[in-house]
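Please keep the viewer open as you read.

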Amino acid sequence: MKPFTKNVIQIIKQIPEGNVMTYGQIAKAAGSPRGARQVARILHSMSQKYDLPWHRVINAKGQIAIKDDEGFFSQKLMLQDEGVDVSEAGKVDLEVYLYWPDPLFDEEI
DNA sequence: TTAGTGACAGGCA
DNA sequence: CTGCCTGCCACTA
């Protein structure tokens with residue numbers, strides 16, 4: 001397994017309940033700043049085998065980026081079940097629920 | 001090998 | 001805030 005894939009899996013498993021992360025964030029943290037799409041691919045293919053909280057991963061616009069209606073609804077439902085406020089269109093307030101693993105970010109605000 | 005595709009991101013209208 | 005366009009990179013036909 002590639003180190004990037006391994007890192008992505010590790011990072012996603014660290015997202016606390018009630019929080020979310022964006023694909024770009026994860027890609028950057030995993031060592032590939034331009035690999036957002038690969039993160040999405042990994043989620044799609046590995047989530048079922050590695051028991052990953054894939055529903056806590058959304059796009060940079062704060063919206064559920066799933067095209068399949070069934071998957072879209074599932075993600076929305078699971079997030080709401082964790083206490084995350086999700087709008088009708090599947091939009092999440094990143095200012096409130098975004099999980100930032102780097103502590104330096106807080107000091108720069 | 002080239003072309004098309006996608007659970008993305010960032011810039012711009 | 002939303003929609004469209006371009007850049008990205010791995011995978012598939």
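## The R56 side chain

In this predicted model, the side chain of R56 makes a polar contact with the side chain of E82, at 2.7 Å. A polar contact here is a pair of N or O atoms within 3.5 Å; within protein, one must be able to donate a hydrogen and the other to accept it, and residues adjacent in sequence count only if both atoms are side-chain atoms.

Where does R56 sit? Its place is the loop between α3 (36-50) and β2 (57-58). R56 counts as buried because its relative accessibility is 11%; buried means under 20% relative accessible area, exposed over 50%, and partly exposed in between, with a 1.4 Å probe and protein chains only. Leaving aside residues up to four places away in sequence, R56 touches I15, P16, E17, N19, V20, M21, Q75, L79 and E82, where contact means heavy atoms within 4.5 Å.

## Meeting DNA strand B

Around DNA strand B there are 15 residues, the closest being R37, N59, A60, A65 and K67; a residue is near a strand if one of its heavy atoms lies within 4 Å of it. Phosphate oxygens of DNA strand B lie 2.4 Å from a polar backbone atom of A60 and 3.3 Å from a polar side-chain atom of K67.

α3 gives the largest share of this surface, five residues, and α2 (23-29) supplies at least two. By type, the surface holds eight nonpolar, four polar and three charged residues (Ala, Val, Leu, Ile, Met, Phe, Trp, Tyr, Cys and Pro are nonpolar; Asp, Glu, Lys and Arg charged; the others, Gly among them, polar).

## The whole chain

Chain A has six helices and two strands, in the order α-β-α-α-β-α-α-α. These are DSSP runs numbered from the N terminus: helices are H or I with at least four residues, strands E with at least two. Of the 109 residues of chain A, 39% count as buried.

## Reading notes

Residues are numbered from 1 along each chain as its sequence is written, and chains are lettered from A and ligands numbered from 1 in the order in which they are written. In this predicted model, local features need pLDDT of at least 70, side-chain atom pairs count only at pLDDT 80 or more, and totals for chains, interfaces and linings use all residues, while side-chain values use heavy atoms, with hydrogens and water left out.
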